Amino acid sequence: MATYTYPTFPYRAPNDLMPGAPQRKPLVIIGAGPVGLAAAIDARLQGLEVLLFDEEDSVSFGSRAVCYAKRALEILDRLGVGDVVVDKGVSWNVGRTFLREEEVYRFNLVPDAGHKRPGMINLQQYHLEEALVNRATELGADLRWNYKVVGVTPLADGARVSVETPDGAFEIEADWLIVADGARSNVRRQLGLDIEGHVFKDRFLIADVVMKADYPAERWFWFDPPFHPNQSVLLHKQSDNVWRIDFQLGWDADPEEEKKPENILPRVKAMLGDDREFTLEWASIYTFQCRRMKNFRHGHLLFAGDAAHQVSPFGARGANSGFQDTDDLLWKLALVIKGLAPEALLDTYDTDRVYAADENIRNSTRSTDFITPKSAVSKLFRNAALELARSQPFARKLVNSGRLSVPAFLVHSALNTPDTGPFEGDMVPGAPLDDAPVRVAGADGWLLDQLGNRFVLLAFADSVEAIDTALPGLRAQAAALAGAALPVQTLLVTAHAGNEPAGLATLHDRDGLLAQRLDARPGTCYLVRPDQHVAARWRSFDVSAVRAALARATAQIGSETVAA
């Protein structure tokens, strides 16, 4: 029983791209997976012309990536597809881990209230890609289907791309090229670029089954269950009554044999019982890999997503980290293309996302080592931790069935301005800003929906009437900050509701959670980047400090661009 009808996207002959010498485009993207499509959408939101090539004419086949974490959902909100994805997906916060049939550990991804998005949603990748295609098309991205990139030649100031289509081959040049063509990146391989790391000797079977079941929308992970002894199993609910089951097989398993329905169905029946009716929809075999390129930037070529880095699937770090790549990259690239920042800004894409990739690889490797121990000692430790976790809280922290994706805190980024005063909490420079409920023009809203795609200064006061006391000089300087070549919008955040002052947008911290999460008091200011990461924070407003932090956050300290 098929639960999804795959769309066929229209092919357009390349007549407009072929005549004469190679044309030049400001931005070309290779690959229409989630990362390439997110990059195309973000480019359009930044006002950039974008041309995207993909050799297929539909979304990816099979459910593939299914878990999207809270930070990825917040990025999708900024891109304009968050509601579509969350409404279609299955939201969950609770994960449970079992040893044989007994629960030994559980966690809650969002234990406190006051967040717009859940800790995770599960949604088949084809649904996500279709939503991204629709949004990219709506924004005017030039998506070319059945355009196969067969070669890339780096240039001093761009790249030349060789493309094959049903109507012939052609070449086109790009000022900037984003390579998002997946884990088996043809571009990376053709250019002989390195990808280093570890391939784990274990295999897992993915089986998507369609069934009606009253299991809760939670992540369930079994070690050594009676229906699959000495191995592990993972269960997730997806949309349309599709359930994802992952069976550990071991390295000696024959991938081709294990994918055959006659070998999959007995495994599923052993798990669900003979009375449970189900239909097998899709199956695949995967091997763990934790690898990355040494550098993500190669001149005017910028690698993102699985083309740049790969992790084992436990922890849902693949697509989630890919969205964070584009989230970091596109605002920087837009400023460079517009002449508002130097090319050196793009070096921080490389350093910051390599830092994030290494963090993901470390966590993914630890999860994989726990799930699939490679020595008798490792297995003894793993089993002891599981046994103790039944009754000993300290041991539950040792249980690692996949530490789930969290956003990277870019605390070492060269773009951060160090604190000059004491702050409590997690919202340090480089952190992705926490969400919180607010009131906007008398209506309930969310903080992160007011941010993104531009620099914003959050300035805190008890009330509108207290602005001049808490934030002296803010009224006079807000317009100048907003009118600069590289603008900064000021958002006044008040503890008490009141009338919005002329020329100054205001948020009411409805429940006090925003001030609590940012350790803010009257006079506190936060400079937030276009990707909603903290660039700097202060205990009082100083326009010269804001301009200096803006210069630092755009790799142009001393540039006339940010001069008053």
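Start by selecting R267: at 23% relative accessibility it counts as partly exposed (buried is under 20% relative accessible area, exposed over 50%, partly exposed in between, with a 1.4 Å probe and protein chains only). Its side chain meets that of E258 in a salt bridge, 3.0 Å from N to O (a side-chain nitrogen of Lys or Arg within 4 Å of a carboxyl oxygen of Asp or Glu). E258, at 14%, counts as buried.

A word on what you're viewing: this is a predicted model, where local features need pLDDT of at least 70, side-chain atom pairs count only at pLDDT 80 or more, and totals for chains, interfaces and linings use all residues. Residues are numbered from 1 along each chain as its sequence is written, and side-chain values use heavy atoms, leaving out hydrogens and water.

Next, pick R135 and E138, whose side chains form a salt bridge at 2.4 Å, N to O. They sit 3 residues apart in helix α4 (residues 125-138), so about one helical turn separates them; helices here are DSSP runs of H or I, at least four residues, and strands are runs of E, at least two, numbered from the N terminus. R135 is buried at 16%, while E138 is exposed at 60%.

Now jump to D468 and R475, another salt-bridged pair at 2.9 Å, N to O. Then colour R24, D157, R160, E171, E173 and D175: salt bridges that share partners join them into one network.

Last stop, L527. Among the residues it touches are F455, H533 and W538, not counting residues up to four places away in sequence; contact means heavy atoms within 4.5 Å.
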